[in-house]
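Please look over the sequence and the structure first.

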Amino acid sequence: MSSTESSVGGFWRRFRRNRPAVFALGMLVAIVLVALLAPLAYPGDPFAIVARPFLPPFHDHLFGTDQLGRDVAAGIARGAMTSLLIGIVATVCAMLIGVVTGGAAGYFGGRTDVLLMRMTEAFQTIPAFIFAIVLVAILSPSLESTIIAIATVSWPPMTRLVRGEFLATKNREFVQACRSIGMSDARVILRHILPNCASPIIVTGSLMVATAILIESGLSFLGLGDANLMSWGYLIGAGRTVLRTAWWVCAFPGLAILLTVLSINLFGEGLNDALNPRLREAG
Amino acid sequence: MGEALLEIRSLRVDLPPGADRAHAVDDVSLTLGQDEILCVVGESGSGKSVMARAVMGLLPVPRVRVGAGEIRFAGEELTRLPESRMRDIRGKDIAMIFQEPMTALNPVMTIGRQVTEVLAVHTRLTGAEARRQAAEFMAAVKLPDPEAMLDAYPHQLSGGQRQRAMIAMALILGPRVLIADEPTTALDVTTQAQILALIRDLQREKRTGVMFITHDFGVVAEIADRVAVMQHGRLVEAGPAQRVLSAPSHPYTQSLIAAVPNLVPRKARPLQGVPVTLALRDVEKTYRARAGLLRRAGRTVHAVRSASLTLRRDETLGIVGESGSGKSTLARCVARIIDADGGQVLLDGVDLRTLSRRAMRPYHRRVQMVFQDPYGSLNPRQKVGDIIAEGPIVHGVARGEALRRAAELIELVGLDGKALARYPHEFSGGQRQRIGIARALALQPDVLIADEPVSALDVSVQAQVLRLLADIRDRLHLSMLFITHDLRVAAQVCDTIAVMRHGEIVESGPAAEVFAAPKHAYTRELFAAVPGRNWRHPTAAAPLANPQPTG
């Protein structure tokens, strides 16, 4: 039950108490700004050769150049948009699938539940990353196929979460009261059950963005990303052969992934504490 | 009473800053003599449980701590004892039993292990001796087959058996003081009567001093030698049970006692010739554990068996029974929250049971329900105005009109119009129950089903809500199906009574007749179990035949 969380002010007050989460939020704002402003700071093609290969960092070019003389900083800045876009869009798709299947399984129960949950389990038996590789390979590498692959492998945990929340909420008396009024199922689900399950869904969703970015980086690293799009994983993949001679080619994109994923996770935890105050204060 | 065994002097327990008051217990002085039962009575938030925990040294320090005063037990000042000494006293000299035996017992340890653990901590008995002694005490608390009980896990016992096991555990070291914190509140009335008798007998036999915490004046009338009444952390009245129950001196005690309904049915009203609104014919509901791929069909539970009832216009029919009797299931079958398996639910001659969900929708409006749990029955994320207006909106009333009607209803149930713009968590339990009633009335039903509408409320609030329900019923000419486990409440509001047990209606008839001469053995058992059944207080609220408009 949510006691004081209805007001935005109360939410922000609780969120602010979690220092790492506030720091993470600042980082995320900065990363989004970099992604948005990258085309202004680094106009032109990030794949373009701009200088001599293997220029060390912090001289003419902030993060140096790679083996073809491409600017690493430009690659990171322009790649930020790719990572964020894929992370967010894939997560939204996975959340939609998860909420619909999990909600239906939890609310209707019976055969619907059995059918949907067996399907979910079937998906969970396949290792996520390998499954994503197979999907991208089948669909041929592109932005859309990366998103489809990531969404396809990430929805099952969301389904299970939503099903559990729905099961717990649908037997609460206020939901029975809705049924005794004669409300349609759709209205009960959308107006009464879903808002009461929103906090865990939002928190899990925010953490899924981090996982999605990792999968995307992994796919690009293996050369399964969109060939026309700069991305962090691509940079690392391209630089791995020169890791010992030109560490900066891999290190800076790696750092970008690390910071982004860490920030999203810390932010997600802060969100959890702020949305579910009881959990924290009980301890 | 004997000499003071436990003496509490000017005890003050401080709450952390930001709590709704500074002291949970404020300047309370009490004595507990040897060989007596002292009942500490109060409503929720009166500080009675905190006081008991202070005696046991079980306050959640450092947030809640003893601020001033003394607790003396056998010459020792408990509030300043080191924890190691306190551990010796706890269990051995002062023992405690709790309200909910399921959570007070460890679910993964057998009863025997838990009882003998107490002996292992405080005595040097060998395992075999400890087990023999444990078995003796299991027999002393009248548990059947003590040896088998020792090997059982808590979930394999019924609520009453668990409470007996708790009592055995508390008494096995022969404590001189037993603190019982609402030990029968979670139990059914017949089980409660047995446990009260058991505590009384053991107390007499072992000459223990018992501090019995309760909110129920019926229980007080049943077992107390002396009574202490608490309100907002202060002791407002203390004295011999006889005196306090028959002639309370403090106004708060007077109002508390006046709020307890007497076990006398309300005056019968003529119901002959009044048209029947709702008729149940052989309603059946069975729960089956479904067979799965690798699972055989589990056991079946007949929640409701062949239930037949009639409810006339203006009539209030009380369905009385203990937990698991099927009374709530029957109510939910009538409201079509769950679907009955057989029989007929006739509302003005239309069988609701066989209607499709779509065809049922207009009838939902006519049968509305008030729920038990004032905290769970309102959507925490909806404003009160939307909660009340939603029913009419779903049934096609324009939003503005529905909200206007909600404003009327909120005043009808005695709340301020400003309540509409607030969220449920801003209200007390009694106020939430009023909101729940307003929601049910918003659809202008013909039949109102009230499922234990007051059992989660304090007794004074309970009286107000009952009065409101009676008032509304008479003003709007509602038929009411009133589900309760509490015969006192049933006596106050019901015209007719149906007694349910194991899913069957064992007896039904006009309230006056059922109360005066119960026919079925189970009904007689129920009446005999009502705590303080022979106690009549002079100031009792009149039965609610002639409603007073309340604000």
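Helix 9 (217-223), strand 9 (226-231), strand 10 (234-240), helix 10 (241-246) and helix 17 (459-476) of chain B are among the elements that cover the buried residues of helix 11 of chain B. The model is predicted: local features need pLDDT of at least 70, side-chain atom pairs count only at pLDDT 80 or more, and totals for chains, interfaces and linings use all residues. Residues are numbered from 1 along each chain as its sequence is written, while chains are lettered from A and ligands numbered from 1 in the order in which they are written.

**Helix 11 of chain B**
- The buried residues of helix 11 (residues 251-259) are B:Thr253, B:Leu256, B:Ile257 and B:Ala259 (buried: 20 or more other C-beta atoms within 10 Å of the residue's own, with C-beta atoms placed from the backbone).
- These residues lie on the same side of helix 11 of chain B, because they cover an arc of only 160° around the axis (the arc is that of the directions from the helix axis to the C-beta atoms).

**Chain A**
- Chain A has 11 helices and 0 strands (DSSP runs: helices are H or I, at least four residues; strands are E, at least two; both are numbered from the N terminus).
- Of the 283 residues in chain A, 44% are buried.
- The C-alpha atoms of chain A fill a box of roughly 75 × 45 × 30 Å along the principal axes.

**Chain B against chain A**
- In chain B, 24 residues are in contact with 18 residues of chain A (contact: C-beta atoms, placed from the backbone, within 7 Å).
- Helix 13 (357-364), strand 16 (367-370) and helix 14 (384-394) of chain B each supply at least two residues of the side that touches chain A.

Definitions and conventions. Two residues are in contact if their C-beta atoms, placed from the backbone, lie within 7 Å. A residue is buried if 20 or more other C-beta atoms lie within 10 Å of its own, exposed if 12 or fewer, and partly exposed in between; C-beta atoms are placed from the backbone.
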